[in-house]
Amino acid sequence: MFRLNRNVIRWIIILSSFIIISLILWNTYAFFQKFKAEERIKMNTWSVAQIDLLENIDDLDKDVNNVTSHVLTEMTTSTPMLVIDADGAVNNYINIEETKLSDSLKVQRLIAKFSNENQPIEVKVGKETIQTIYYGNSPLLNKLKYYPLALLLIILLFAAVVYFFYRSSKNAEQNKLWTGMAKETAHQIGTPLSSLVGWTEILKSENVNPEYITEIEKDITRLQTITERFSKIGSAPTLQKTDLVEATSSSFEYLRSRSSKLVDFKLNKPNTELPVNLNPQLYSWTIENLVKNAIDAMKGKGELTLDISQNDAQVFVNISDTGKGIPKGQFQKIFEPGYTTKKRGWGLGLSLAKRIVEDYHKGKIKVLHSEIGKGTTIQIALKTV
């Protein structure tokens with residue numbers, strides 16, 4: 001019920017915002033048109049004053065009407081205007097830089113621009129058109145014209161901020177949920193695991209085949225490792241100076257012994273130690289996820305190669321397979337939570353690997369190379385110590 005009400009409230013807010021924005025834009029448009037009409041009236045008044053001036057200019061005994069003089073000098077304080085004679089010459093200009101009138105091509109461009117913004121006004125004495133007034137939008141009108149665009153931009157930016165805040169909040173909530181589930185899983189595994197350790201000790205006293213007990217102890221150790229991994233999710237892991245070659249080899253060999261014999265495992269490693277700051281449990285989880293993904297990509301048959309190398313500042317772990325490959329447009333997408341191409345799977349393995357490598361170990365993980373039908377190479381890069 002609460003979720004339903006929250007969704008209703010969300011849609012009411014969205015609808016109200018849309019209505020308010022529409023009203024603002026409509027009123028701005030209406031104001032723009034009204035202001036434009038008032039400028040038109042002002043220019044018509046100016047043209048009438050110009051006619052009055054032209055009709056009396058030849059009468060030397062008659063002074064120019066004060067109203068006419070006032071209109072001609074005061075009513076075009078900001079509107080750019082060109083007055084063109086019947087023969088096409090510039091008779092007068094207002095609020096236009098003189099340099100723009102020195103070139104006839106520039107004059108024609110101004111005339112075309114003003115004609116596009118406002119319909120020209122013809123100045124007639126009798127039935128004869130002796131001048132044509134071309135005028136553009138005033139600076140204030142131009143600013144008002146772009147105001148809706150600025151408003152829309154602000155609204156879009158605000159909507160983007162709200163959206164990213166919502167996404168961040170949702171992701172934080174999901175991370176909290178996954179962390180809680182992981183820790184609860186570790187807690188639930190811990191109880192039967194303790195019991196299995198006890199039963200193993202009993203089996204030892206019952207003279208059971210030692211090989212059976214050894215295998216059981218391996219699986220118990222494996223379960224303890226899994227428990228430690230889940231318990232560390234959501235907490236800042238402790239990093240310790242560790243030989244990357246040994247940590248990688250250990251995880252790789254464990255998977256080799258428990259994988260299909262149709263997969264040809266190859267490990268290329270240096271003969272020297274490569275110390276890095278690692279959390280061994282989480283790092284081994286990353287290697288296992290990458291190796292299992294590679295095996296799945298090859299459908300359980302192919303060649304899987306792990307190469308360890310270094311330069312002056314970093315060590316590199318490259319895991320290559322001969323699987324189906326990844327399209328170039330999905331190189332980044334495969335590390336997103338929930339993304340998977342499998343019919344079964346949650347799409348968490350690679351996103352978890354990315355988080356362990358980049359967030360916890362401050363390294364980098366990426367698709368180094370991939371070719372459809374030939375395979376993929378994923379690289380982990382970590383700083384040396």
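Me: What is the strand order in the open sheet of five strands, and what is the pairing?
Reply: The order is β6-β8-β9-β11-β10, and the pairing is mixed. This is a predicted model: local features need pLDDT of at least 70, side-chain atom pairs count only at pLDDT 80 or more, and totals for chains, interfaces and linings use all residues. Residues are numbered from 1 along each chain as its sequence is written, and side-chain values use heavy atoms, without hydrogens or water.

Me: What makes β6 and β10 stand at the edges?
Reply: β6 (263-268) and β10 (364-371) each have a single partner strand, so one side of each is left without a neighbour in the sheet. Direction ignored, neighbouring strands of this sheet are turned by 15° against each other on average.

Me: How do you know that β6 and β8 pair?
Reply: Pairing requires at least two bridges found by DSSP between two strands. β6 and β8 (residues 302-310) have six, in the parallel sense. Therefore they count as paired. Lys266 stands opposite Thr305 in β8. Helices (H or I, at least four residues) and strands (E, at least two) are DSSP runs, numbered from the N terminus.

Me: Which helix lies across β6, β8, β9 and β11?
Reply: Helix α6 (residues 244-257) does, and it runs at about 170° to β6. β11 spans 375-383.

Me: Why is α6 called oblique to α7?
Reply: The axes of α6 and helix α7 (residues 280-297) cross at roughly 45° and come within 9 Å. That angle makes α6 oblique to α7: under 35 degrees is roughly parallel, over 145 roughly antiparallel, 65 to 115 roughly perpendicular, and the rest oblique. Axes are lines fitted to C-alpha atoms, for helices over the stretch in contact, and angles run from 0 to 180 degrees between N-to-C directions.

Me: What is the handedness of the crossing of α6 and α7?
Reply: α6 passes α7 in a right-handed crossing. A crossing is left-handed if the near helix is turned anticlockwise from the far one by less than a right angle, right-handed if clockwise.

Me: Which residues make the contact between α6 and α7?
Reply: Contact means heavy atoms within 4.5 Å. Among the residues are Leu244, Phe252 and Leu255 of α6, and Tyr283, Ile287 and Val291 of α7. By class, the contact has seven nonpolar, three polar and two charged residues. Ala, Val, Leu, Ile, Met, Phe, Trp, Tyr, Cys and Pro count as nonpolar; Asp, Glu, Lys and Arg as charged; the others, Gly among them, as polar.

Me: How do α7 and α8 pack, and at what angle?
Reply: α7 and helix α8 (residues 349-360) pack at about 145°, with axes 9 Å apart. Their crossing is left-handed. Trp285 and Leu290 are among the α7 residues that meet α8, whose side includes Leu352 and Ile356.

Me: What is the order of the open sheet of four strands?
Reply: The order is β2-β1-β4-β3, and the pairing is antiparallel. β2 and β3 (121-125) are the edge strands, each pairing on one side only. Neighbouring strands are turned by 20° on average, direction ignored.

Me: What do β1 and β2 form, and which residue in the turn has a positive phi?
Reply: They form a hairpin with four residues between them, and Gly88 has a positive phi of about 90°. β1 (residues 81-85) and β2 (residues 90-94) pair in the antiparallel sense over four bridges. Ile94 in β2 is the bridge partner of Met81, and Ile84 stands opposite Val90.

Me: Where is confidence lowest in the chain, and where highest?
Reply: pLDDT is the predictor's confidence in each residue, from 0 to 100. Helix α2 (residues 66-74) is lowest, at a mean of 69, and strand β9 (residues 314-320) is highest, at 96. The chain mean is 81.
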